[in-house]
Amino acid sequence: MSATSEVPAAFRNAAGDRGPVRLVREGIGDIRSRRRLVRYLVQADIRKRGADTLLGNIWWVLDPLLQMVVYVAFLSIVVRNGPPDYPLFIFAAILPWKWFTASVTDATTSIVRQDALIKQIQFPKIVLPVAAATAGIVSFAFGTVALGILMVFFSDRISWYLVFIPVIAAVQYVFTLAFSFLVAAGNVFFRDLSNVIGHVLRLWWFLSPGLYSLAALDQVHFIQANPWVRTLVNLNPFAILFEAYRIVIYGTPTGPPSAPDMAALTGLLVASIGFLALTTYIFKRLEPNFAKII
């Protein structure tokens, strides 16, 4: 039986008579009751990524800096376009994006790569993408070392607004966790999803204001002629997240750092919690079929 025909039947029959609210509550209970297992899996993911070794930690410092150098060289030297202090401008987006892509990539295969364990032991599978998404926080923390090094060269932009970074990161974590549940469950039924995700993330990066600002988009003739495109851009979660990170780390091309748009972050948090509830329901609905499909 093909994967495409498995999904509807699995979704209809997996959870029996349990309703959406009960499934979401069950998912939350699974995570809370298996905190020690989640902690163990997080540590295992960290070791797999090499983040508990000296070289692994150094790479999390060097990799975003190297990405920054590539983009700065292309846009500043070849295209000759970019705001003042462009390295810091772009790094404010590269660091959280690296965290997101690493977490989502690991979460996508978090279930299928544990196929032997799933067939042998009965445990809530939802802890697997939770561990993958949570392990990314540790790597992100090491990445802030690179941010600290970079800010030494732009000391005039150092401000107390940097304390907002954990607040923004918390909002990003909720969204990342929700997205991780979706791709982890989806990859069980559609194994090519792990390959597709890489291309989706690459396109998502270029469609997000990482290399440019939202203000720069307003100067584009196509955007001015088609304001609905600007509305779509505003719906991109990373349009809000990148702008929030950037305003507290970099500021604006003409101004110093300031507080992020808390209304926008709050709206994204509420939407992410709703998204998390939805993907938790989908995950728990399909979970009983994982062992059979794998």
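This is a predicted model: local features need pLDDT of at least 70, side-chain atom pairs count only at pLDDT 80 or more; totals for chains, interfaces and linings use all residues.
Trainee: Let's start with helix packing. How are two packed helices described?

Mentor: Two packed helices are described by the angle between their axes and the distance between those axes. Here, take α5 (residues 86-108) and α7 (residues 127-152): their axes come within 8 Å and cross at roughly 160 degrees. Angles over 145 degrees count as roughly antiparallel, so α5 is roughly antiparallel to α7.

Trainee: Thanks! Which hand does the crossing of α5 and α7 have, left or right?

Mentor: The crossing is right-handed.

Trainee: And which residues in α5 and α7 meet?

Mentor: On the α5 side, the residues are P87, L88, F91, L95, P96, W99, S103, D106 and A107. They meet P129, A132, A133, G136, I137, F140, G143, T144, A146, L147, L150 and M151 in α7. Sorted by class, this contact has 16 nonpolar, 4 polar and 1 charged residues.

Trainee: Good, now to a residue of another helix. Where is S180 found, and is S180 buried or exposed?

Mentor: S180 is found in helix α8. To judge burial, look at the relative accessible area, where under 20% means buried. S180 has a value of 0%, so this residue is buried. Leaving aside neighbours within four places in sequence, S180 is in contact with S103, A107, P129 and A133.

Trainee: Next, the nonpolar cores. Which residues touch the most other members of the largest one?

Mentor: A core is read as a set of buried nonpolar residues joined through side-chain atoms. The largest one has 47 residues, and F100, Y245 and I249 touch the most other members. Helices that each supply at least two residues include α4 (54-78), α8 (165-189) and α14 (262-286). The largest share, 13 residues, comes from α5.

Trainee: What is F100 in contact with?

Mentor: Setting aside neighbours within four places in sequence, F100 is in contact with Q172, F175, T176, F179, L201, W204 and F238. There is also a second, separate core of 27 residues, with V42, A131, F189 and F283 among its members.

Technical notes: Residues are numbered from 1 along each chain as its sequence is written. Side-chain values use heavy atoms; hydrogens and water are left out. Axes are lines fitted to C-alpha atoms, for helices over the stretch in contact, and angles run from 0 to 180 degrees between N-to-C directions. Helices (H or I, at least four residues) and strands (E, at least two) are DSSP runs, numbered from the N terminus. Angles under 35 degrees count as roughly parallel, over 145 as roughly antiparallel, 65 to 115 as roughly perpendicular and the rest as oblique. A crossing is left-handed if the near helix is turned anticlockwise from the far one by less than a right angle, and right-handed if clockwise. Contact means heavy atoms within 4.5 Å. Ala, Val, Leu, Ile, Met, Phe, Trp, Tyr, Cys and Pro count as nonpolar, Asp, Glu, Lys and Arg as charged, and the others, Gly among them, as polar. A nonpolar core is a set of buried Ala, Val, Leu, Ile, Met, Phe, Trp, Tyr and Cys residues joined through side-chain atoms within 4.5 Å. Buried means under 20% relative accessible area, exposed over 50%, partly exposed in between (1.4 Å probe, protein chains only).
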